[in-house]
Amino acid sequence: MEEKYKQIAEKIKDADGILIGASNGLSIAEGYNIFANDERFQSYFSDFQKKYGFRSLIQGSFSRFESENEMWSYYSRMAYYYMYHTQSSTLMQILYTLVKDKPYFVVTSNTDDHFAMAGFERQHIWELEGNMKDMQCANGCHKQIYSNREVVLTMREHEHGMEIPSEYLPKCPKCGGVMKIHVPVNQNFIKGSETQMSYQNYQKFMARFQGKKLLILEFGIGARNQMIKAPFMKIAAKEPNVFYITFNKGEIYIPTQIADKAIGVDGDLSQILPQIERAYRE
Ligand SMILES: [Zn+2]
């Protein structure tokens, strides 16, 4: 086994707390690539692909649909086949096993709810870009976020072709307007009270581990990511007892100022994490 994996396992055991950052690369390692015209996308969206020419899940989710009925057909399939109808992946379960015995906090731009599905506690997760399990007023008339679970599961039973019958479409309880899935597909994406609470929980976590041995684990985040990677690298540079480990396929970036307190792991997480787990158990 690579010496590096043993070292990472030791760092996890030795940490007072663990701060996790995750972006698309982690979901891709699980087999959910929202940027790819892959088998999963083609098998559930071939009709949308034919009509609109979508080449990926993400491209479709930013598009304008002919009707609200069609839009919810698309979003309900997205929420169902990338989340409600799936089980927690082996990869996410391994990740949970590795950190669950320590205080942890997750900051992620992934919207697929896979952390919570693996057992991570919601109050320890900050989802920067919302979550497919929720919906909001499309006009952003008020800040509350609602679960779409029942709505989506009902829609999946009543879809006709590429349309959800109007009687099953959710309406905004305040303005009566269209509801939309709670991911930032337009400028009306709201940062509701849940997001503010997540931010406060994050700040509390960071205050609690100031000066302590905080381990940062970063999964599948591109080198130029400003939302998660840049602030995490700043924390690593500023805090003397922070150790920083970044996992990414094909693109590892560690600034020289933190090179002596960092490890970069380039490769496929679905291969790497099981080996770290083995080292962790030894
Ligand atoms: Zn409204």
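**Note on aromatic pairs, the zinc site and selected residues**

1. Y96 is partly exposed, with a relative accessible area of 22%; the classes are buried under 20%, exposed over 50% and partly exposed in between, with a 1.4 Å probe and protein chains only. The model is predicted, so to speak of its local features requires pLDDT of at least 70, and side-chain atom pairs count only at pLDDT 80 or more, while totals for chains, interfaces and linings use all residues. Residues are numbered from 1 along each chain as its sequence is written, and side-chain values use heavy atoms, with hydrogens and water left out.

2. There are 26 aromatic pairs in the structure. Rings of Phe, Tyr and Trp (its six-membered ring) pair if their centres lie within 6.5 Å, and planes under 30 degrees apart count as stacked, over 60 as edge-to-face and the rest as tilted. The pair of Y96 and F120 is edge-to-face because the planes stand at 65 degrees, with the ring centres 5.1 Å apart. This pair joins distant parts of the chain, the two residues being 24 residues apart: Y96 belongs to helix 6 (residues 90–99), whereas F120 is in the loop between helix 7 (114–118) and strand 3 (125–127). Helices (H or I, at least four residues) and strands (E, at least two) are DSSP runs, numbered from the N terminus.

3. Is F120 buried or exposed? F120 counts as buried, because its relative accessibility is 3%. F120 also pairs with F115: the centres are 5.0 Å apart and the planes are at 80 degrees, so this pair is edge-to-face. Both F115 and F120 are buried.

4. One aromatic cluster is formed by F41, F45, F48, Y52, F54, F65, W72, Y74 and Y75. Charged groups also sit over rings: a charge is assigned to a ring if NZ of Lys or CZ of Arg is within 6 Å of the ring centre and within 35 degrees of the ring normal. The charged end of K13 is placed over the ring of Y280, 5.5 Å from its centre. R40 lies over the face of Y82, with a distance of 5.9 Å to the ring centre.

5. Which residues coordinate the zinc ion? The donors are C137 (SG), C141 (SG), C172 (SG) and C175 (SG), at 2.3 Å. Donors are N, O and S atoms within 2.8 Å of the metal (3.2 Å for Na, K and Ca); water is not among the atoms, so sites may look incomplete. The 4 donor atoms make angles of 106 to 113 degrees, and the site of the zinc ion is tetrahedral (four donors with all angles between 85 and 135 degrees). The ideal angle for four tetrahedral donors is 109.5 degrees.

6. The spacing of the zinc donor residues in sequence is C-x3-C-x30-C-x2-C. Distant parts of the chain are linked by C141, in the loop between strand 4 and strand 5 (146–147), and C172, in the loop between helix 8 and strand 6, 31 residues apart. C141 counts as partly exposed at 39% relative accessibility, whereas C172 is buried, with a relative accessible area of 4%.

7. An unreviewed UniProt entry lists C137, C141, C172 and C175 under "binding site". These residues are spread over 39 residues of sequence but cluster in space, with a largest C-alpha distance of 8.7 Å. UniProt positions are given in the numbering used here, feature names are shortened, and annotations may be inferred rather than shown by experiment.

8. C137 lies in strand 4 (residues 134–137) and counts as buried at 0% relative accessibility. Leaving aside neighbours within four places in sequence, C137 is in contact (heavy atoms within 4.5 Å) with H142, C172, C175, V178 and M179. C175 is in the loop between helix 8 (149–158) and strand 6 (179–181) and is partly exposed, with a relative accessible area of 39%. With residues up to four places away in sequence not counted, C175 touches C137, N139 and C141.

9. E30 lies in helix 2 (residues 24–30) and is buried, with a relative accessible area of 14%. Apart from its neighbours within four places in sequence, E30 is in contact with S89, L91, M92, D112 and H114. K143 lies in the loop between strand 4 and strand 5 and counts as exposed at 51% relative accessibility. Not counting residues up to four places away in sequence, K143 touches I190, K191, G192 and S193.

Terms used:
Four donors count as tetrahedral if all angles lie between 85 and 135 degrees; four count as square planar and six as octahedral if opposite donors are over 155 degrees apart and all others between 65 and 115; anything else is irregular.
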